[in-house]
Amino acid sequence: GVGAGNTPAVIDETANVQMSVSSVLLSKTFDNGVICASEQSVVVHDKVYDAVRQEFQLRGAYFLNEEEKVKVRAKVIVDGKLNPNIV
C-alpha cells in the first residue's frame, strides 16, 4: 500500500448493504489486496452499522477482539507515528 493516504469506503443509510460489502470484499481480495486503490478501511453510518457488520461476518470477514486490537495498535503506531517498517 501507499500508507496513510489510502481512501476508505463509506457505507451510509442509502447504500445497498449486501452490494456494498460484496464490493469491498471483492476489491480487497482481488490480487490479494495489493492494489493501492483497494479499500484499507470502511466507514459505516451508525444507522446501518449492525447490518454491515453482520453482512461482513456472513461473508467470512473477521473482526479483531479488544486484545487483538491492542496488539495491532502497538505495531502500527510507534512513538505516536505510523510505523514505517510496516508500510
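Is lysine 69 buried, partly exposed or exposed? In this predicted model, lysine 69 is partly exposed, its relative accessible area being 28%.

Lysine 69 takes part in a salt bridge with glutamate 66, in which the closest N and O atoms are 3.1 Å apart. Glutamate 66 is exposed, with a relative accessible area of 53%.

## A salt bridge with a buried partner

The whole structure contains 3 salt bridges. One of them links glutamate 55 and arginine 59, whose closest N and O atoms lie 2.6 Å apart. Glutamate 55 counts as buried, at 10% relative accessibility, whereas arginine 59 is partly exposed, at 40%.

## Helix 1 and its two sides

Helix 1 comprises 13 residues, 17–29, and spans 18 Å from its first C-alpha to its last, close to the 18 Å expected. Its residues Val17, Ser20, Val21 and Val24 are buried. They lie on the same side of helix 1 because they cover an arc of only 95 degrees around the axis. Strand 1 (9–11), strand 2 (42–44) and helix 2 (49–58) are among the elements that cover these buried residues. On the other side of helix 1, Met19, Leu26 and Thr29 are exposed.

## The ends of helix 1

At the N-terminal end, asparagine 16 caps helix 1, with a side-chain oxygen 3.2 Å from the backbone nitrogen of glutamine 18. Just after helix 1, aspartate 31 adopts a positive phi of about 55 degrees.

Terms used:
Residues numbered from 1 in each chain as written. Predicted model: local features only at pLDDT ≥ 70, side-chain atom pairs only at ≥ 80, totals over all residues. Heavy atoms only, no water. Helix = DSSP H or I, 4+ residues; strand = E, 2+ residues; numbered from the N terminus. Expected span 1.5 Å × (residues − 1). Buried < 20%, exposed > 50% of the residue type's maximum accessible area, 1.4 Å probe, protein only. Arc of directions from axis to C-beta. Contact = heavy atoms within 4.5 Å. Polar contact = N/O pair within 3.5 Å; in protein donor to acceptor, adjacent residues only side chain to side chain. Salt bridge = Lys/Arg side-chain N within 4 Å of Asp/Glu carboxyl O.
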